[in-house]
Amino acid sequence: MLPVNGSREALFAFAQTVIDPTHPARVVCPNPFYQIYEGAALLAGATPVYGKPDDWSGVQLVYACSPSNPSGNVMSLEEWRSLFELSERHGFVIASDECYSEIYFGEPPLGALEAAFKLNRRNHERLVVFSSLSKRSNAPGMRSGFVAGDAALLKNFLLYRTYHGSAMSLAVQQASVAAWSDEAHVRENRRLYAEKFKAVLPLVRHPLQAQMPQGGFYLWLRTPIDECDFARRLHAEYNVLVLPGSYLAREAGGINPGRHRVRIALVAPQAECVEAMGRMMQFARDL
Ligand SMILES: Cc1ncc(COP(=O)(O)O)c(C=O)c1O
């Protein structure tokens, strides 16, 4: 287990220590996905693959994200079992991004190490998880997270980190200990997100569509027009900022799963989120 300066730099740096670019290397990302996976793959000399491939040859690393950014979907034990079996068969490493693991609305999501344990895979071979204080403690500026898993992979990762010098400062370590040691603020944070979804989701009506996510703090909203036009006009005419879904996805098999979608982060206070959704509905009705 190693402290890292937030999970983003770790997700990126980890790929640089896992990928062997002397062989044709491919990195599988979910689709839609958090952009860092793609950049990490490209800068490590690998080719990104968007979504589950039919052919696993050359795959050296798979990023998983549960709960997912942007959809909020959570991976089941069966999905983990199938991914672990594929990793065994093809030898790839799994990087499990779990930074939304403590923002959930039903049962706590299953983490990859927990899934491995339940499936009697006790040595965490080829598996590393990434976690963060950013979402759990609402502290993205603090830059504090950790990675845990396969000891051999983390040994290489630690060596790499001694060269690019990303040790965590003592002050941040102390603040992190305090944040990881307290669950009350995390429960309160979850409660506030649940309340925001409860207030905002019923306001979403035709022609927009959205579902309650299993985890995370995003609405992955369907738009009746092109998502970039939607985001641009909503900003220009109603001063509300959303992210076009296609910025978080790539076309694969002729389909871009971010088309006609926008991602809305419910991080602002509840009244602001409600006001923004009201403006969005007004805009959508006038389309
Ligand atoms: C899926 C996902 N992973 C990782 C991160 C990085 O978070 P941090 O570097 O603050 O830990 C984010 C931030 O938005 C994210 O959405």
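Trainee: When helix 1 passes helix 2, is the crossing left-handed or right-handed?
Mentor: Keep in mind that this is a predicted model. Helix 1 covers residues 7-18 and helix 2 covers residues 36-43, and their axes come within 8 Å of each other. Where helix 1 passes helix 2, the crossing is right-handed.

Trainee: Why does helix 1 count as roughly parallel to helix 2, and at what angle do the axes cross?
Mentor: Angles under 35 degrees count as roughly parallel. The axes of helix 1 and helix 2 meet that condition, which makes the two helices roughly parallel. The crossing angle is roughly 30°.

Trainee: Which residues of helix 2 are met by helix 1, and how many residues of the contact are nonpolar?
Mentor: From helix 1 come Arg8, Leu11, Phe12 and Ala15, and these meet Ile36, Tyr37, Gly39, Ala40 and Ala41 in helix 2. Sorted by class, the contact of helix 1 with helix 2 has 1 charged residue and 1 polar residue, while the number of nonpolar residues is 7.

Trainee: Which residues surround the ligand, and how many of the shell are polar?
Mentor: The ligand has around it Gly6, Ser7, Arg8, Tyr34, Cys65, Asn69, Asp97, Cys99, Ser132, Ser134, Pro140 and Gly145. Of the shell residues, 2 are charged and 4 are nonpolar, and the number of polar ones is 6.

Trainee: How do helix 8 and helix 10 cross, and which residues of helix 10 make the contact?
Mentor: The axes of helix 8 (residues 184-200) and helix 10 (residues 270-286) come within 10 Å and cross at roughly 25°. That angle makes helix 8 roughly parallel to helix 10, and the crossing is right-handed. On the helix 8 side the contact is made by Glu195, Lys196, Ala199 and Val200, and on the helix 10 side by Gln270, Cys273, Val274 and Met277.

Trainee: How many residues of domain 2 are in contact with domain 1?
Mentor: The domain assignment gives domain 1 as 2-181 and domain 2 as 185-286, and the centres of the two, taken over C-alpha atoms, are separated by 26 Å. On the side of domain 1 that touches domain 2 there are 11 nonpolar, 10 polar and 2 charged residues. Domain 1 contributes 23 residues to the contact, and the number from domain 2 is 22.

How values were computed:
Residues numbered from 1 in each chain as written. Predicted model: local features only at pLDDT ≥ 70, side-chain atom pairs only at ≥ 80, totals over all residues. Near = placed C-beta within 6 Å. Nonpolar A, V, L, I, M, F, W, Y, C, P; charged D, E, K, R; others polar. Axes fitted to C-alpha atoms, helices over the stretch in contact; angles between N-to-C directions. Helix = DSSP H or I, 4+ residues; strand = E, 2+ residues; numbered from the N terminus. Parallel < 35°, antiparallel > 145°, perpendicular 65-115°, else oblique. Left-handed = near helix turned anticlockwise from the far one by under 90°. Contact = placed C-beta atoms within 7 Å. Domains from an automatic or database assignment.
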